[in-house]
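Thanks for coming. I will talk through one part of a structure, strands to begin with and then a helix. Please have a look at it before I start.

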Amino acid sequence: MAPSAISETAPTTALAVNSKKQALVNGRPAPEDGREPTPLEAISHGVVMPGIPTFPTYTAHRRHVLVHMAATFRQWARQGYTEGQAGHISVRDPEFPGLMWMNPLGRHFGLLAAGDMICLDVATGRVAGGNVSRPANAAGYLIHAAVHKRRPADVHAVCHAHTHHGRAWSVFARPLEMLTQDVCNFVSLCMFTITYTLLALV
């Protein structure tokens, strides 16, 4: 029988302990090569999480992006973010930063697969590849392209959803209140205009 928290019997196997002294940075073991720890290393205790994956080819990277994009849409469907044809996600192409991938118009989020996505030119909206059997969402292109054009170096994905909570809050015609740590991520990033009654995160 395995020992329990209240058992007085100690396990017979001892854990191997590394007796080598290791320098500490903020109370944690420093990397053995003497460099500063990465942010992921700094928050990890024990085994370091793998972090953002790397890929041997742009094709493999693109496939990873599109599969995860489709998975995000399926999660949105599970959450009920499927108000008619509203909502879209765009992801900048890993090889060609002037291109972005978007979901097609009129296909339910719960049915989207990686092969359904459409590749658009960020500057012109021209279809550059992907699945051309359905059109892209014209309003979605305008919203997403504006963000991708404005932030080419640091924004790689844009998500626009009509969530239950977002729609419910919007009826109050008030900006978000900075009451919790989570909502503080949006400080100075919310816009609210009385004339258009629009609450947007930029």
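Strands β4 (residues 99-102) and β5 (residues 118-121) run antiparallel, joined by four bridges. Strands here are DSSP runs of E of at least two residues, helices are runs of H or I of at least four, and both are numbered from the N terminus. Two strands count as paired if DSSP finds at least two bridges between them. Methionine 102 has isoleucine 118 in β5 as its bridge partner.

This is a predicted model, where local features need pLDDT of at least 70, side-chain atom pairs count only at pLDDT 80 or more, and totals for chains, interfaces and linings use all residues. Residues are numbered from 1 along each chain as its sequence is written, and side-chain values use heavy atoms, with hydrogens and water left out.

β4 also pairs with β3 (residues 88-92), antiparallel, through three bridges. A hairpin of six residues connects β3 to β4, and arginine 92 sits opposite methionine 100.

Which way do the side chains of β4 point? Leu99 and Trp101 go one way, Met100 and Met102 the other, and all are buried, meaning under 20% relative accessible area, with exposed over 50% and partly exposed in between (1.4 Å probe, protein chains only).

Now the helix, α3 (residues 138-150). Its buried residues are Gly140, Tyr141, His144, Ala145 and His148. Leu142 and Arg150 are exposed on the face turned away.

Note on methods:
Expected span 1.5 Å × (residues − 1).
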